[in-house]
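Please look at the sequence and the structure shown here, and keep both at hand while reading the report.

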Amino acid sequence: MESVPDWRAVRTDDGSWTLAHPEHGETCHSTSGAWQQALERYARPCRLRERAQAGARELRLLDIGTGLGLNLAAALSELDGTGCALIADTFERDASVREAMLELVSVHGALDPRAEPFHARVRAALERGGDRSIRTHFGDARALVPALEPTARYDAVFLDPFSPRREPDLWTGEFLAAIAARMAPGAWLSTYTVSKPVRRALAAAGLAVLDGPAVGRKRAGTLARSALDGGTRRAEPL
Ligand SMILES: C[S@@+](CC[C@H](N)C(=O)[O-])C[C@H]1O[C@@H](n2cnc3c(N)ncnc32)[C@H](O)[C@@H]1O
């Protein structure tokens with residue numbers, strides 16, 4: 001049996017667990033709070049619940065960096081009780097992160113008790129290789145996203161790779177333009193970085209770019225929205 005690289009379990013300040021990368025050591029979530037970040041950086045700013053309450057019956061999510069699946073759990077939690085279905089396409093190139101997450105859960109019982117009802121559904125989907133709600137894609141997102149079926153469009157994008165400094169691959173103008181091209185009119189993208197080159201690339205791809213909310217110890221992130229009429233528009237100055 002192949003050995004699983006040594007992801008390190010890290011307990012974050014809101015009590016929830018995440019993992020640190022075996023080589024560069026960056027954590028998959030903010031150490032201020034993994035569950036807090038999943039909800040407040042990703043699921044809420046992308047207005048999933050708000051749109052479900054406004055009548056959406058199905059919302060499509062592009063999830064870049066499946067990791068432990070905690071952001072997916074936050075999306076399910078926001079839609080809980082609304083009657084709106086989540087259809088997520090989630091991308092991960094490193095199978096060992098899933099194994100490390102399963103091991104972490106077997107040792108600690110859950111990544112977080114608040115997340116557990118939703119994360120249990122995510123785990124089941126990841127263990128089965130995906131289901132109708134959570135469609136898993138293993139490999140390099142730079143090749144897989146452009147290869148999605150040509151008509152595929154998303155209402156929300158969780159852009160959660162490791163940092164531009166550690167892993168620049170998923171922050172290139174080319175990849176960000178490929179993501180922007182997949183956003184439905186009025187779709188929201190959220191990410192934790194405030195990197196100026198990333199913001200410039202999102203704006204160059206035709207998205208309106210604005211500050212994301214303060215979350216934990218981070219004063220802002222970045223939100224980007226596609227035009228409501230499906231056209232492109234210049235970013236507001238930040
Ligand atoms: C910050 S973690 C994501 C955490 C995740 N969103 C969660 O909720 O647990 C970043 C993830 O992106 C994955 N990744 C990095 N480069 C990738 C690539 N080119 N294609 C697909 N996944 C990639 C890493 O293996 C890692 O699991």
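The report begins with the protein as a whole and then turns to the ligand and its surroundings.

## Overall form

The structure is a predicted model, and its secondary structure comes to eight helices and nine strands. The radius of gyration of the protein is 17 Å, close to the 18 Å that the globule rule gives for 238 residues, so the protein is as compact as a globular protein of that length. Taken along the principal axes, the box that the C-alpha atoms fill is roughly 50 × 40 × 35 Å.

## Where the ligand sits

The ligand is found in the largest pocket, with 22 residues around it, and of these Gly65, Leu68, Asn71, Glu92 and Asp160 come nearest.

## Polar contacts and burial

Asparagine 71, one of the nearest residues, places a backbone N or O atom 2.9 Å from an oxygen atom of the ligand. Aspartate 160, also among the nearest, has an N or O atom in its side chain that lies 2.8 Å from a nitrogen atom of the ligand. For arginine 93, a polar backbone atom is 3.2 Å from a nitrogen atom of the ligand.

How much of the ligand does the protein bury? Taken alone, the ligand exposes 610 Å², and the protein buries 98% of that area.

Terms used: Residues are numbered from 1 along each chain as its sequence is written. This is a predicted model: local features need pLDDT of at least 70, side-chain atom pairs count only at pLDDT 80 or more; totals for chains, interfaces and linings use all residues. Side-chain values use heavy atoms; hydrogens and water are left out. A residue is near a molecule or strand if one of its heavy atoms lies within 4 Å of it. A polar contact is a pair of N or O atoms within 3.5 Å; within protein, one must be able to donate a hydrogen and the other to accept it, and residues adjacent in sequence count only if both atoms are side-chain atoms. Accessible areas come from the Shrake-Rupley method with a 1.4 Å probe; for residues, only the protein chains shown count as cover. On a 1 Å grid over the protein atoms alone, a cavity is a set of points where a 1.4 Å probe fits but cannot get out, and a pocket is an open set with protein on both sides within 12 Å along at least five of seven lines; lining residues have an atom within 4 Å of a point. A molecule sits in a cavity or pocket if more than half of its atoms lie within 2 Å of its grid points. Helices (H or I, at least four residues) and strands (E, at least two) are DSSP runs, numbered from the N terminus. The radius of gyration is taken over C-alpha atoms; the globule rule is 2.2 Å times the number of residues to the power 0.38.
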